[in-house]
Amino acid sequence: MAMRDEARNIIRDLGLTILKKHSPKLPIETYGGKYGDKQIWLQLNGRCPRFGVDNIGTDPSVLNTYIGIVNYEPDLILNAGTAGGFACANAKVGDTYLSHPYVYHHDRRINIPGFDEYGIGKYACYPCGEIAKRLGLKTGVISTGNSLDHTPLDLEIIATHNGEVKEMEAAAIAWLATTYGIPFLAIKTITDIVDGPESTEEEFLKNLNYASKILGEKTIELIDAL
Ligand code: ADE
């Protein structure tokens, strides 16, 4: 997970405790615990000491995931977080999506044969159709980029690849999961409507706590169902 505000309820409600701070230089932390018959390791990116904010986006997430994989060898990687949704796809603030059938990057444009498709990525996700139906969750293609806002070109690329959810980590984590052959799934609760009237940053900050509460509840229901 990227932001502590998104993770707080999950850590509390799963009864996880801090297991490890991985290095004095890197702020990545692992929370862990047994939950039913499952062992959970919750990898948190941690806070950037230079800017005093949580590390977000693709770079810290890949490093965080790598540390999780090599230390704990998980059977499944679940990326939980918040995201933007689209009014044109009927999304509302508070809706929760599971990634299906793939996640990809919308801001890696490399117009050279081979590299073009590499840039977009399109990483297959763990099949979740049945679970989504059972839990009343939406499913959709998740589109990853390193900006909270968007340009007209971002929107064009998102539409081209049928993106329904816009966020900043899933495809990067899915790349590493795919590289290691570990099943990957993302769960994202909507904080803001990308094609709506409000500014993304204001709507995101206004709804972060509300969406994180729902994210926590739905993530635990998902873990129960897996
Ligand atoms: N996280 C929450 N809302 C987002 C958005 N609109 N774009 C990228 N990441 C987000």
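**Burial, surface and salt bridges in a predicted model**

Phe 115 is partly exposed, with a relative accessible area of 48%; here buried stands for under 20% relative accessible area, exposed for over 50%, and partly exposed for what lies in between (1.4 Å probe, protein chains only). The structure is a predicted model, in which local features need pLDDT of at least 70, side-chain atom pairs count only at pLDDT 80 or more, and totals for chains, interfaces and linings use all residues. Residues are numbered from 1 along each chain as its sequence is written, and side-chain values use heavy atoms, with hydrogens and water left out.

Phe 115 belongs to helix 3 (residues 115-120), where helices (H or I, at least four residues) and strands (E, at least two) are DSSP runs numbered from the N terminus. Together with Ile 110, Ile 112 and Tyr 118, Phe 115 makes a nonpolar surface patch of about 390 Å². Such patches are built from residues with over 30% relative accessible area and no salt bridge, with nonpolar side chains (Val, Leu, Ile, Met, Phe, Trp, Tyr) joined within 5 Å and like charges within 9 Å. The areas come from the Shrake-Rupley method with a 1.4 Å probe, and for residues only the protein chains shown count as cover.

Beyond its neighbours within four places in sequence, Thr 30 is in contact (heavy atoms within 4.5 Å) with Thr 17, Ile 18, Leu 19, Lys 20, His 22, Trp 41, Leu 42, Gln 43 and Tyr 72. The side chains of Thr 30 and His 22 are joined by a polar contact of 2.6 Å. That term denotes a pair of N or O atoms within 3.5 Å; within protein, one must be able to donate a hydrogen and the other to accept it, and residues adjacent in sequence count only if both atoms are side-chain atoms.

The count of salt bridges comes to 11, each being a side-chain nitrogen of Lys or Arg within 4 Å of a carboxyl oxygen of Asp or Glu. One of them pairs Glu 29 with Arg 4 at 2.8 Å, N to O. Glu 29 lies in strand 2 and Arg 4 in helix 1 (residues 4-13), so this bridge ties together parts that are 25 residues apart in sequence. Glu 29 is buried at 8% relative accessibility, whereas Arg 4 is partly exposed at 28%.

A salt bridge also joins Lys 138 and Asp 95 (2.8 Å, N to O). This pair links distant parts of the chain, 43 residues apart: Lys 138 sits in strand 7 (residues 138-144), and Asp 95 in the loop between strand 4 (77-85) and strand 5 (96-105). Lys 138 is partly exposed, with a relative accessible area of 28%, while Asp 95 is buried at 16%.

Turning to cysteines, the structure holds zero disulfides, defined as pairs of cysteine sulfur atoms within 2.5 Å. For Cys 88, the nearest cysteine sulfur is that of Cys 125, 20 Å away. The sulfur of Cys 125 in turn has its closest cysteine sulfur in Cys 128, at 7.2 Å, which is too far for a bond. Cys 88 is exposed at 67% relative accessibility, and Cys 125 is buried at 14%.
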